[in-house]
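Hello,

I am passing a structure on to you, and I hope you enjoy looking through it. Please open it first; my notes follow below.

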Amino acid sequence: MITNDKKSVAFKTLGCRLNQYETDALVTDFSNAGYELVDYNASPDVVIINTCTVTNQSDTKSRSVISQSARKAKNAVVVVTGCMANNFKEKLESQENITFVVENNRKSSILSLIDAHFSGEIVHPDQLPLDVFRYQPVHKSLHTRSAVKIQDGCDNFCTFCIIPMVRGMAASRPVADVLESVRKTVENGFREIVITGVNIGRYEDGTVRFEELLAMILEVPGDFRVRISSLEPDGFGDDFVKLFSHPKLMPHLHLCLQSGSDKTLLRMRRMYDVAQFRKTVTKFRAVYPHFNFTTDIIVGFPGETDEEFQQTLDAIKEFNFSHIHTFKYSVRKGTRAERLENHLPEKIKTERSLKVRDLSVENKRHYFETFIGQTQDVLIEKISQGTVSGYGEHYIPVHFKLSGAQKNMIKKVKLTGIVGQDDEMYLMGELVD
Amino acid sequence: MMSLMKPDMQMDVSFYKVEEIRHLTDETFSLKLPKARFAFKAGQHISLGIVGGNQSREYSIYSGENDENLELLIKEVDNGYFTPRLRKLKAGSMVEVHGPFGKFGMEPELAASGKFVFIASGTGIAPFRSIVHTYPDIDYRIIHGVRYSKEAYDREEYAGDRYTLCTSRDKGGDYNGRLTGYLKTCKFAPETQFDLCGNSNMIFDALEILKGKGFDRDQIHCEVYF
Ligand SMILES: Cc1cc2nc3c(=O)[nH]c(=O)nc-3n(C[C@H](O)[C@H](O)[C@H](O)COP(=O)(O)OP(=O)(O)OC[C@H]3O[C@@H](n4cnc5c(N)ncnc54)[C@H](O)[C@@H]3O)c2cc1C
């Protein structure tokens, strides 16, 4: 029952899967504590903004969400957390429209900060416990899929990347905690879990590495499927490829190539070359011809020549990525790439970015075409006027008609055609009974 | 930046007093600090700051895992921000060290049984000295590319037949010309493990040569400085 003194909370999340998961875990915390979850237009008592700082664009978006939220929710307690809170802590702390700035490694204790605030205690966010894995298994969520965090931080020190500065060094969650979290998340009703972290391929708890952990997760009893969020192409053994024959593990990897030029990859301090990437893709596709690879590409990295960029386009064609997150290189202060020579003009970055986008759309259409006439098990995530949508095993978006549908159902669907353009493209299908 | 990277580090643990500065050439020097207060793998790097400053840079550890001092090899870069400031340090100055970081490090089992070729440009020799100090019996060769023969940092520490100096701007090297020119002439056993360290252009060219000689990319490990 909602009582008069029941407090309300609104969330805004920017950026990666990990951030989304951490918000979902906070939603669970606040909802268990009796807070009402509302939109930030509905005068909440608390607004929590989980920011991102990976590119300049993310900074701009985060800033605009902060000022919008503070404006709309005038009397609310405004909490800013996430990577921007680490990167621009002092600046944000000096802003009057923000009540608390909470760094990533204290994010999991925001509920206790807010509870203390409402009971009149004066607690500074820096007094909150340090723990990047304290999050509860997700119960109440903003999403149909739930992530499980297995790892945080990264110490690869890629020259373009701000993450080691804002997420800290690599740390792995103990195996027992991960498995317990998977069990609870499945018990809480989720049919699909996404294994998440900053650099999950580097998972290491004692002798247990990522592949072994994944094998253990797949053996957790229950009717659920598993996805892997983005992964660094660090070289995978045959055992990793074999794991994908497990019916719970979905045939899709977001494998971050970043560039198709070995020279650029070295300047980025990436740990692989294109031939090694090719080896991985070939290994997978030899066993699972339909396997879906998506990727991240940075265009206009300092010193990227026309020839190097062409190599990226060639790689995109060759590896047939069905989706590409294209990033125009943007300087992150304090990174090594900031000090590299030959930074490129914005115009060139934009031109290159458009070329990658065009190719990405072309690849997507080709990839989708190969599914026409095939069936996919689709997890229903959205329902709108008799049409439902969700993702198939290969992480392809599918729409179909179904009456009496509910979110979180998995339905077998025969794919009949492609609808829409560009990023809005999806497959249409019919229910198979 | 330092404080962002390790906001919760006990300050005193990461502070080191410079014990000695060894001048190796007009531009290159080694910073000798007290023994490392952390365990590291030979080949790894640390992040170095000057106490009171707001910037940090990465440096490979120049000393061995068990050496009495933590030592770094640093070249002052023209128009660089940090190295001219490092250059001004004196014995007694305070620096801040975080780490160790990185996957570029020697595994003890491999050191005992492997055959290694270390390829370095300039101060890129630093991780290899750490490895040789830590594993004096390791089966290795160093190919060191520099401009002038005076840049053969601490050359006397390596057995003569294991160290080849390539000089591109004077005739004082064992090979006069670029390291990559020398590499083309070399023959290596098929099971050799290659470790490359230094600037990305040298590493790119050396990789191409080694791949051209039929070595698998998985046998080659790289540490890029810039
Ligand atoms: C993992 C790692 C380990 C490193 N280890 C060492 C080391 O052991 N010793 C060392 O001297 N440097 C090392 N470096 C480079 C070091 O971090 C700094 O970049 C360097 O000291 C220059 O700093 P700066 O602020 O003076 O110049 P910056 O402003 O950082 O650089 C200016 C330019 O100088 C050039 N440059 C950078 N480093 C060197 C160098 N060593 N020799 C010649 N030109 C250079 C580059 O073109 C760079 O763009 C390492 C870098 C990395 C990523």
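**An exposed aspartate and its patch**

Asp358(A) counts as exposed because its relative accessibility is 55% (exposed means over 50% relative accessible area, buried under 20%, and partly exposed in between, with a 1.4 Å probe and protein chains only). Before going on, please note that this is a predicted model, in which local features need pLDDT of at least 70 and side-chain atom pairs count only at pLDDT 80 or more, while totals for chains, interfaces and linings use all residues. Residues are numbered from 1 along each chain as its sequence is written, chains are lettered from A and ligands numbered from 1 in the order in which they are written, and side-chain values use heavy atoms, with hydrogens and water left out.

Asp358(A) sits in helix H13 of chain A, residues 346–369 (helices are DSSP runs of H or I with at least four residues, strands are runs of E with at least two, and both are numbered from the N terminus). Together with Glu362(A), Asp422(A) and Glu424(A), Asp358(A) forms a negative surface patch. Such a patch joins like charges within 9 Å, from residues with over 30% relative accessible area and no salt bridge.

**Domains of chain A**

Chain A has domain 1 (8–127), domain 2 (146–369) and domain 3 (375–431), with bounds from an automatic or database domain assignment. Taken over C-alpha atoms, the centres of domain 1 and domain 3 of chain A are 33 Å apart.

**Salt bridges**

How many salt bridges does a search of the whole structure find over all chains? The search finds 52, where a salt bridge is a side-chain nitrogen of Lys or Arg within 4 Å of a carboxyl oxygen of Asp or Glu. Here are some of them:

- Lys89(A) and Asp126(A) meet at 3.2 Å, N to O. Lys89(A) is buried at 16% relative accessibility, and Asp126(A) is partly exposed at 34%.
- Arg267(A) pairs with Glu308(A), with the closest N and O atoms 2.9 Å apart. This pair links helix H10 (residues 262–267) to helix H12 (residues 306–319) of chain A, and the two residues are 41 residues apart. Arg267(A) is buried at 15%, and Glu308(A) is buried at 8%.
- In chain B, Asp139(B) and Lys115(B) form a salt bridge with the closest N and O atoms 3.4 Å apart. Asp139(B) is in strand E9 and Lys115(B) in strand E8, so the pair ties together parts 24 residues apart in sequence.

There is also a network of salt bridges linking Glu22(A), Lys107(A), Lys149(A), Asp152(A) and Arg167(A).

Best wishes

Key. Patch = residues over 30% accessible without salt bridge, like charges linked within 9 Å, V, L, I, M, F, W, Y side chains within 5 Å. Areas by Shrake-Rupley, 256 points an atom, 1.4 Å probe, with all protein chains shown as cover. Lys, Arg positive; Asp, Glu negative; His and termini not counted. Charge placed at Lys NZ, Arg CZ, Asp CG, Glu CD.
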